[in-house]
Amino acid sequence: MSLLSVENLVVRHGLLQAVRGVSFTIERGETLALVGANGAGKTTLLRAIAGAHQPAAGRLLLDGANLTSVPSHRRVGMGIALVPEGRKLFVQMTVEENLLLGRTAGRPGDWSVDKVLDMFPNLKPRRHARTGHLSGGEQQATAIGRALMSNPELLLLDEVSLGLSPLIVDRVYAALQGLIASGTTIILVEQDLNRALAVSDRVICMLEGRVALEGSSKAISREEVTKAYFGLHRKSSGSVPA
Amino acid sequence: MSNQIIQGILLGGYYALIACGLSFMFSVMRIINLAHGSLAVFSAYALWWLASRYHVSPFVGLLIVLPLMAAIGWALQRFLLERSARGGALLPILTTFGLAIVIDNLLFEQFGADTRSLAPYIGSLSYDSWEWPGSIYVGKLAVMMFATAIVLLGGLQLFLTHTRLGRSIRATSEDPDTAGLVGVDARRANAIAAAIAMVTVGLAGAFLGMRATFDPYAGAPQLLFAFEAAVIGGAGSLWGTLIGGIVLALAQTLGAQVHPQGFLIGGHAVFLVVLFVRLSASGLGLRDLLRLGKTS
Amino acid sequence: MSTLATMPVIERGTATSRIAAMAVALIIALLAIAPQFLSAGSVDRMTALFIYVILAAMWNALAGFGGLVSVGQQVFFGLGAYFAIRLADAGLNPFLALFASGLVVGVVSIPLSLFMLRLRNGEFAIGMWVIAALTHLLVNLDRLVQGETGTSLISLNVYDAGTRRATIYWLALASMTALLAILFGLLRGSTGAAIRAIRDNEDAAASVGVRVTGTKRLLFVLAAFGIGIAGALWLATSITFQPKTYFNVQWTAYMIFMVLVGGIGTFEGAILGALVFFLIETWFGGTGVWYLVGLGATAVVFSLFLPRGLWGTIEERFGLRLLPVGYRVRLAAADDDVTPSPQQTTMHQEKA
C-alpha cells in the first residue's frame with residue numbers, strides 16, 4: 001500500500017483555487033520532488049498534506065487511513081512533519097526549545113537533540129541561543145531538526161534552500177542525502193530544478209494548481225520539465241495550449 | 001514613612017497576583033479579559049460562602065475553589081473566547097465586558113449589596129504582625145501575600161521554560177498555526193493557559209477577601225489595578241508585574257499621604273505618567289510593552 | 001484569474017433609500033409636534049430615547065467606524081453634566097450651558113486623543129476606563145460638587161415644569177437630529193471613504209495614504225462632543241448631579257448593548273439598537289438586577305453568534321439599505337470558475 005495517496009485534492013484560499021484537483025501517490029522510502037513556477041500551488045499542496053489548510057474537496061490517505069479532516073497537530077503523531085517555507089521558527093525560543101517542541105506529539109524513535117546537533121554540528125554552540133538571532137543556514141538546520149525530532153515517516157520540505165548561500169545549501173542537501181539513505185520518505189518543493197532532479201526518485205511538475213507532468217527523475221529530461229514548468233507541455237495530448 | 005513604604009511594597013504583592021493572570025492571558029491569547037476583576041471577586045465570594053455556610057477555612061476552601069476556577073478558565077476559553085477571537089481583536093473586549101456585567105449582577109442577586117470579608121474566617125492572621133527593627137510592624141498576611149506572589153511568578157516562569165506544556169503554550173502564543181504543524185494542540189494549549197490564568201485569579205480573589213472587604217461590584221477596580229500593574233511593569237518579564245504592582249501600590253500610598261482621596265488618584269496618575277513617558281519615548285505600541293518576556 | 005468579470009453597476013441612493021429619506025423628514029416633523037399630544041411622563045420617556053440614540057450613535061461612530069472600542073465613554077457623559085453645572089454656576093443660562101458644556105467636552109477630548117489614540121484594541125478600551133475613573137475622582141474633589149453627595153442644576157428651577165419638560169424634549173430631539181446628520185454627512189463625504197477603509201483594514205488604509213490617525217481623532221472628538229451633550233441633557237432631565245451616577249460604567253454598558261444588538265458599524269443599526277434598548281428598559285427595567293444580567297448576557301450572545309447585530313443581519317439577508325452612507329456595486333454575474341459563498345459575495349459587493 002502506498003504511504004500517502006492524494007486524491008483529487010482541491011484547496012481554496014478565499015475565492016482563489018490554489019490546488020485544483022491533484023492526485024498522486026508516494027511509496028515508502030521514495031523521494032518525490034514538486035517543481036513548478038511561483039503560484040503553481042506547491043506550497044499550498046504541501047501545507048494541505050501537513051494539515052495547515054483544510055481541503056475544499058478530495059481526500060488524503062496515509063497508509064489507507066483517511067487523513068482529510070485530521071487536525072495538523074495529530075498528523076505529526078501519525079508520522080507527517082513539515083519544514084515550512086520561511087522556516088517559521090519560534091524566534092523567542094532557543095534552538096533546543098524549538099527542537100524539543102518537535103517532540104511534543106511525535107512518534108517514538110531515536111531522534112534527539114544531541115542527534116540533531118551531531119547532524120548539524122554548527123548548531124552545537126548555538127544550542128541555547130534564541131533562534132531569532134541565528135543565521136539563515138542555522139535557522140534552516142533548526143527547522144529541519146525540529147521536524148526530525150518527531151521521527152517522521154513522511155518528511156515534507158518546502159524550499160529548504162531559499163535564501164541560503166550555495167555552500168550552506170550543499171551542506172543541507174548532504175544532510176538530506178543521509179535521511180534518504182536511512183529510508184525516510186520525502187516530498188520536497190524545490191526551485192532549483194537540477195537539485196530537485198538529482199535528489200529525487202520521481203518528479204511532479206505543477207502548473208496553475210494542477211499536475212502538468214509526472215515521471216521518474218532519472219528517465220525524464222530537463223527540457224520536458226522546463227516545458228511543463230511554463231505550460232508548454234500537456235501530459236495527455238502533448239498539444240501546446242493556446 | 002519607611003513604614004508606609006514597606007506596607008506599600010507588600011501591597012504590591014497583591015497587585016502582582018491580580019495582574020499576572022491578566023498579563024499571562026494577554027501574552028498567550030492576545031486577549032484582555034475584561035471579566036478578570038469580576039472573576040476574582042467571584043472567587044472571593046465562593047470562599048466566603050464556603051466559610052460562612054460550611055465553616056470551611058478559606059485556605060481549605062482554596063482546594064475547592066482553585067480547581068473550580070481552572071475549570072471556569074478552560075470553559076471560558078473553549079466556549080467564549082475562542083469563538084469571539086475569531087471575529088477579530090475587538091470582539092473579545094465586548095464579549096468579556098458583557099460577561100463581567102453578568103457576573104457582577106448575578107453576585108448582587110445572590111449575595112446582596114452588603115460588603116463582605118474573609119478576615120473573620122482566618123483567625124488572628126488578619127491582624128497579627130511582626131515587629132521589625134525600627135518599630136516597623138508588618139502584617140503577617142501582607143508578608144504571606146508577597147511571598148505567594150513571588151512563588152507564583154517564579155513557578156510560572158519555571159513552568160513556561162522547563163516543561164513541555166510550558167513550551168507548547170509559549171509556542172502557541174508566538175504562532176498558533178506553526179505550533180499546530182510541529183504537533184502542538186493550540187486549542188488545548190490556550191485552554192490550559194486560560195485555566196492557569198484563572199487559578200491565579202482565584203488566588204488573588206482569596207487575598208482580596210482576606211485583606212479587605214468586597215462587594216458584588218468590586219470587580220471593576222480590581223481589573224483596573226491589574227491592568228495598571230501589568231502595563232507599568234510589563235517591560236520584559238513576568239517579574240515586571242511584581243515591579244509594576246509595587247510601583248502602583250507605592251504611588252497609591254504616596255497619594256494617600258498627600259490627600260485623603262489621593263490613594264486611587266495616585267495610582268491612576270502614576271499609570272498614566274508611565275504610559276505617557278513610554279509612548280513618547282519608544283514610539284512603540286503598548287502591545288510591545290505588555291508582552292511577557294519569554295526567557296530572560 | 002479574474003474574479004470580477006462583468007461590468008459593475010455603481011449606485012448610491014436606491015428607490016428604498018429615497019422613500020426612507022422622506023420618511024425620516026416626516027418622523028422628525030411628527031416628533032417635533034408630539035409634546036402637544038403626549039402626557040408629561042411620555043415626553044420624559046421620549047427625551048430619554050433621544051439621549052439613548054445619541055449615545056448609541058456616538059459609541060458606534062467610535063467603535064463601528066473608527067475601530068476604537070472604549071469602555072470609558074462614561075467620562076464624557078459625566079463631564080458633560082459636570083461642565084453644565086459649572087457653566088450654569090458661573091451664570092450662564094442653563095439651557096445654553098447644556099450646549100456649551102458639550103463643546104467644552106469636545107475641546108477637552110482633543111488633547112486626550114493625542115495620547116489615547118496611540119493605544120490599540122484592549123489597551124485603548126481599559127485605558128479609557130482608567131481615564132474615566134480618574135476623572136470621576138477629580139470631579140469629586142470640586143467643592144461645588146461636594147464629593148459623592150452631588151449637587152443640582154438649580155438655575156433650571158426658575159422655569160416652570162411644563163416649559164422645562166418641553167424645552168428639554170426639543171433640545172434633545174434637535175441634538176439627536178443634528179448629531180445624526182453630522183455623522184451621516186461625515187460618512188457620505190470624503191472622510192467617509194477613509195472611515196470605511198479604516199474599518200475594513202487599518203493597515204491597508206494607512207498604506208494607501210488614508211490619514212488614519214486624523215480620521216480617528218475626528219471620530220473620537222465627535223463622540224466625546226455628542227456624549228457630552230447627552231450627559232448634559234440627562235442632567236437637565238434629572239436636575240441632580242451625583243458623580244457616581246454619571247461616571248458609572250453602566251452608561252458604556254448601555255452603549256455597547258445598543259450597538260451590538262442593533263448592528264455595529266451600520267448607521268441605522270445604532271438607532272435600531274437604541275429603540276430596542278428603550279423598549280426592553282420600559283418593559284423589564286423594573287426587574288432590577290435580572291434586567292442587568294439579561295443585558296450583559298444578550299451582549300455576550302450577540303457578540304458570539306450575531307456579531308453583525310440585527311440591522312447587519314437584515315442588511316446581509318435582504319440587501320436592504322435605508323440610509324446609504326456608501327456606494328454599492330452590483331455585479332451581474334460572478335466568475336464561472338469559482339462559486340463564491342454568499343458570505344464572500346457580501347464581503348466583496350456590499351462593502352459600504
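The UniProt annotation "transmembrane region", from an unreviewed entry, covers residues 6–24, 31–50, 56–76, 88–108, 136–160, 191–210, 230–251 and 263–281 of chain B. The model discussed here is predicted.

Colleague: What does the model show over residues 31–50 and 56–76 of chain B, helix or strand?

Modeller: Over residues 31–50 of chain B, 75% is helix and 0% is strand, with the end C-alpha atoms 31 Å apart. Over residues 56–76 of chain B, the figures are 90% helix and 0% strand, and the end C-alpha atoms are 27 Å apart. Chain B as a whole has twelve helices and four strands.

Colleague: How do you know whether the radius of gyration of chain B agrees with that of a compact globule?

Modeller: The rule is 2.2 Å times the number of residues to the power 0.38. For 296 residues that is near 19 Å, and chain B has 19 Å, so the two agree. The C-alpha atoms of chain B fill a box of roughly 60 × 50 × 35 Å along the principal axes. Of contacts in chain B between residues at least 6 apart in sequence, 71% join residues at least 24 apart.

Colleague: What span is expected of helix 5 of chain B, and what span does it reach?

Modeller: Helix 5 of chain B, residues 140–162, has 23 residues. The expected span is 1.5 Å times one less than the number of residues.

Colleague: Which residues of helix 5 of chain B are called buried, and what covers them?

Modeller: A residue is buried if 20 or more other C-beta atoms lie within 10 Å of its own. In helix 5 of chain B, L141(B), M145(B), F146(B), A149(B), L152(B), L153(B), L156(B) and L160(B) are buried. Their cover includes helix 1 (2–29), strand 3 (136–139), helix 6 (164–174), helix 8 (186–211) and helix 10 (239–258) of chain B. Over the 296 residues of chain B, 56% are buried.

Colleague: What makes strand 2 and strand 3 of chain B a pair?

Modeller: Two strands pair if there are at least two bridges between them. Strand 2 (residues 129–132) and strand 3 of chain B have four, in the antiparallel sense. W132(B) stands opposite I136(B) in strand 3 of chain B. The two strands form a hairpin with three residues between them, and G134(B) in the turn has a positive phi of about 85°.

Colleague: Why are strand 2 and strand 5 of chain A said to stand at the edges?

Modeller: The open sheet in chain A has four strands in the order 2-1-4-5, with antiparallel pairing. Strand 2 (16–26) and strand 5 (65–66) of chain A each have a single partner strand, so one side of each is left without a neighbour in the sheet. Strand 1 (residues 4–13) and strand 4 (residues 57–62) of chain A pair over five bridges.

Colleague: How many residues does the contact take from chain C and from chain B, and what makes up the side of chain C?

Modeller: The contact takes 35 residues from chain C and 36 residues from chain B. The largest share of the side of chain C, twelve residues, comes from helix 5 of chain C. That side divides into 26 nonpolar, six polar and three charged residues.

Key
Residues are numbered from 1 along each chain as its sequence is written. Chains are lettered from A and ligands numbered from 1 in the order in which they are written. This is a predicted model: local features need pLDDT of at least 70, side-chain atom pairs count only at pLDDT 80 or more; totals for chains, interfaces and linings use all residues. A residue is buried if 20 or more other C-beta atoms lie within 10 Å of its own, exposed if 12 or fewer, and partly exposed in between; C-beta atoms are placed from the backbone. Two residues are in contact if their C-beta atoms, placed from the backbone, lie within 7 Å. Ala, Val, Leu, Ile, Met, Phe, Trp, Tyr, Cys and Pro count as nonpolar, Asp, Glu, Lys and Arg as charged, and the others, Gly among them, as polar. UniProt positions are given in the numbering used here, feature names are shortened, and annotations may be inferred rather than shown by experiment.
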